[in-house]
Structures are given as C-alpha cells and as structure tokens.
Amino acid sequence: MSNNNKKLGTKFIHAGTVPDPSTGAIMTPIYQTSTYVQAAPGVNQGYEYARSQNPTRKALEDAFAIIENGKHGLAFSSGVAATDAVIKLLNPGDEVICANDMYGGTYRLFTKVFEKYGIKFIYVDTTDVQNIQAAVTAKTKLIWIETPTNPLMNITDIAATAKISKAAGAILCVDNTFASPYLQNPLNLGADIVMHSATKYLGGHSDVIQGALMLNDDTLRDQLYFIQKSCGAVPGPMDCFLVLRGIKTLHVRMKAHCENGIIVANFLRNHPKVERVYWCGFEDHPNNDIAKAQMRGFGGMMSFVLKDDSIAAANKVLTSTKLFALAESLGGVESLINHPATMTHASIPREERIKNGLADGLIRLSVGIEDAEDLVEDLRVAIEAN
Ligand SMILES: *Cc1c(COP(=O)(O)O)cnc(C)c1O
C-alpha cells in the first residue's frame, strides 16, 4: 500500500481512511446496514451483505494492513476470534508449536476447543528458539508465538523463528498485541501472519472488543477471508469506527506509554520492598538484546513481585491504588493493575503456574498515559501500605 513507506505517525493517522465518496466526510461513516441495494441481480458496488463486506470495516481492514506493513488486513469480533480463524486453516493431524507462556485465552482455545478436532499443540519455551527447532516434525503446520508475553514479558526472537518456520514449510503467526505496530512489525521480520487483540493498544480506550490479522500472502488472505465470512465472527461498524479512530493516535499514546513505562519500571526496581520487576527494557532482562533489535521501545506493560511474596501482601497493593484500577485487560489510556494468580491466569493450575514462573504474589501493571509523577506516587503509597 502506498502509505507503507511513510513515517509512523503519518501512517497511523492516514491509514485506510479516504474522504467518503458520497459526501466528502473526512471520517469514514459508520455504515450501520445489513444489506446493499443492487441495481439488477448481481449488479452491485462491491457490497452485497454486511457479513461479507462493510465499508467501515473495509476502511479499518485497509488500515490494519498499512500499520503492520502488510498487504492485507482482516477484522474480527475479538482477538480470540482472529486466533480461531488462523487455527481453522489447519486439518486434523496437523501440529502447532506454541509458547508455554501465552495469553490464557489462546491456551484455552487451543486445549479446550481445538484439541478435540485432532489438532496437536506442542508447548515449548520459545525464548530459546532451539526448543522450537527441536519440536519441528513433518506435521508442523503452524508456529504460534507471542512476544513480549503476558505477564512475564518474555521475548522470542521473531526473525530466528521465521527461519525455522520457513525451513519447516509452516506458517508463523505472531501475537503482536503487547508491542503494538508502533514498537514491533513481525511481518518485516519474516512472520506470515500478525495477530492483534485490537481491544488493547489499537483501540486504546478500553471501549471495544476486537481482533485483527495482517498478512502479505494472497492465497492465505483468501483462505482467511473465506473463514471470516463463513464462520461470521465479524465486528460491527461502530466497533470498526472506534478502532479506526484509536489507530489515529496510536503513536502519540505509545510514546507516552513508553516514557511512563521507563519511569515506573525504574521506580519499582529501586523500591526496597520490591523483589523483582519483569520488564523487557532492563539491560539484564534475559533477552534484552533481542528486544532491542526487534522493538523500537518497551511499552507500558510490566509485572513485579514484592519481597513479601504472599497473596495477602499483593492484595494490599492491589486494593490500595487509587489511579491504577483493579481490572483485567490492558493497553488503554488509563492505568490498570491486575493479579494474574486470581484474575487473568486463575484457570491455570497452581503447580503449572508456579512452574512457569508465575508466582502467587505477582502483580501486573498496564501503565497508562496519565502523568508519571502521579502514577509513581500512587504505587509508592500502595506498596508502603504493607
Ligand atoms: C487480550 C488478548 C488476547 C485476546 O483478545 P480479545 O480481544 O480479548 O479476544 C490475545 N492475546 C493477547 C496477548 C491479549 O492480551
């Protein structure tokens, strides 16, 4: 697409939107319609029925392609619906190599929904790509990675994984939700498909549920479009409008998330009551060199544990913040605080959770774009309440 070589801010603001042909409206209208009147049977303007095509969704899908430097974009009614569409490319007997530290909803979809259709999921520690290589078989059809991960901020080398995937003749799909296209573009590093929960940074205002796929390959796009219209998990035009609007300020918001992220991560690290901070921007983060090579910044997601790593001590912090709201989700302008063990990751058995490094006392933050001084003070008071 012609916008692909523009700088990030220009690209995000102009992505997908053209003045409305019928009125000149600068914002793409919310085409709240289910069907389109045809001039004669089969004679139409490219729009027949809104599950298959909608002009607001079309503008957003064009934007999705542009912001990830891809050729094609597809919008879904949620992030997990986008993931669901990718897995529906597979057949019984096919194998998927995926991270042992993925978004809980992705893990649930793979194990509880798709395993029974005969698709095999192999979970490995993808932070060392040798583990991915070692799991490849003749049946490997898809490699699914997420980087950085939720909530431990682990990093996987996308370019190295893409090489393994190509040699195996598999599709590489990267869940790029945590980084957003402002910080990381997996298609440029050799990935075949990028997936986003647009609910998070793309929407950016905690007011919509939506998913996205971005890719280059025409055949793969046709297959995924077929699944999108056949299975029907499409977003409504109002939701498409909201995400289209969100994308226009993505660069401004992400810049602020990154700036606040650095301040909050360093504050936590230097606090005597904090044992450990998980944030991929620290020089001594295990894969900081890879993070630096494949990302433009480190964003506002991080986790930490107190020296007193009991659930009770964590609870005190979780219930004492005034600005950080206790809630699931992430990526909105407002700061959120979350307790993975009892909230987002409660469905994982405790033993499994601890084995994967997810301690009882782990606290996850989605650092918003409020003033950093206020956020630090809010956390300081809450941590010292113990
Ligand atoms: C939220 C999230 C999803 C799922 O997206 P929904 O929009 O909630 O369906 C997938 N991956 C990651 C990393 C997420 O944070």
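Which residue in E12 is the bridge partner of methionine 301?

Author: Happy to walk through this with you. Please keep in mind that this is a predicted model. The bridge partner of methionine 301 is serine 366, in E12. That pair belongs to the contact between strand E9, residues 301-306, and strand E12, residues 363-366. These two strands run in the antiparallel sense and are joined over four bridges.

Now to another part of the chain, the loop between strand E4 (140-146) and helix H6 (158-168), where proline 148 is placed. The peptide bond that leads from threonine 147 into proline 148 is cis, and its omega is near -5°. Proline 151 also has its place in the loop between E4 and H6. The bond from asparagine 150 to proline 151 is cis too, with omega near 5°. Methionine 153 is found in this loop between E4 and H6 as well. Its phi is near 60°, a positive value in a residue other than glycine.

Finally, let us visit the ligand, which sits in the largest pocket. Helix H3 (79-87) and strand E6 (193-197) are the elements that give two or more residues to the shell around the ligand. There are 14 residues around the ligand, and those that come nearest are Val80, Asp175, Ser197, Thr199 and Lys200. Sorted by class, the shell holds five nonpolar, six polar and three charged residues.

Some of these residues can be followed down to single atoms. Valine 80 places a backbone N or O atom 2.9 Å from an oxygen atom of the ligand. Aspartate 175 uses its side chain instead: a polar atom there lies 2.7 Å from a nitrogen atom of the ligand. In threonine 199, a polar side-chain atom lies 2.7 Å from an oxygen atom of the ligand. On its own, the ligand has 380 Å² of accessible area, and the protein covers 94% of that.

Definitions and conventions:
Residues are numbered from 1 along each chain as its sequence is written. This is a predicted model: local features need pLDDT of at least 70, side-chain atom pairs count only at pLDDT 80 or more; totals for chains, interfaces and linings use all residues. Side-chain values use heavy atoms; hydrogens and water are left out. A residue is near a molecule or strand if one of its heavy atoms lies within 4 Å of it. A polar contact is a pair of N or O atoms within 3.5 Å; within protein, one must be able to donate a hydrogen and the other to accept it, and residues adjacent in sequence count only if both atoms are side-chain atoms. Accessible areas come from the Shrake-Rupley method with a 1.4 Å probe; for residues, only the protein chains shown count as cover. On a 1 Å grid over the protein atoms alone, a cavity is a set of points where a 1.4 Å probe fits but cannot get out, and a pocket is an open set with protein on both sides within 12 Å along at least five of seven lines; lining residues have an atom within 4 Å of a point. A molecule sits in a cavity or pocket if more than half of its atoms lie within 2 Å of its grid points. Ala, Val, Leu, Ile, Met, Phe, Trp, Tyr, Cys and Pro count as nonpolar, Asp, Glu, Lys and Arg as charged, and the others, Gly among them, as polar. Two strands pair if DSSP finds at least two bridges between them.
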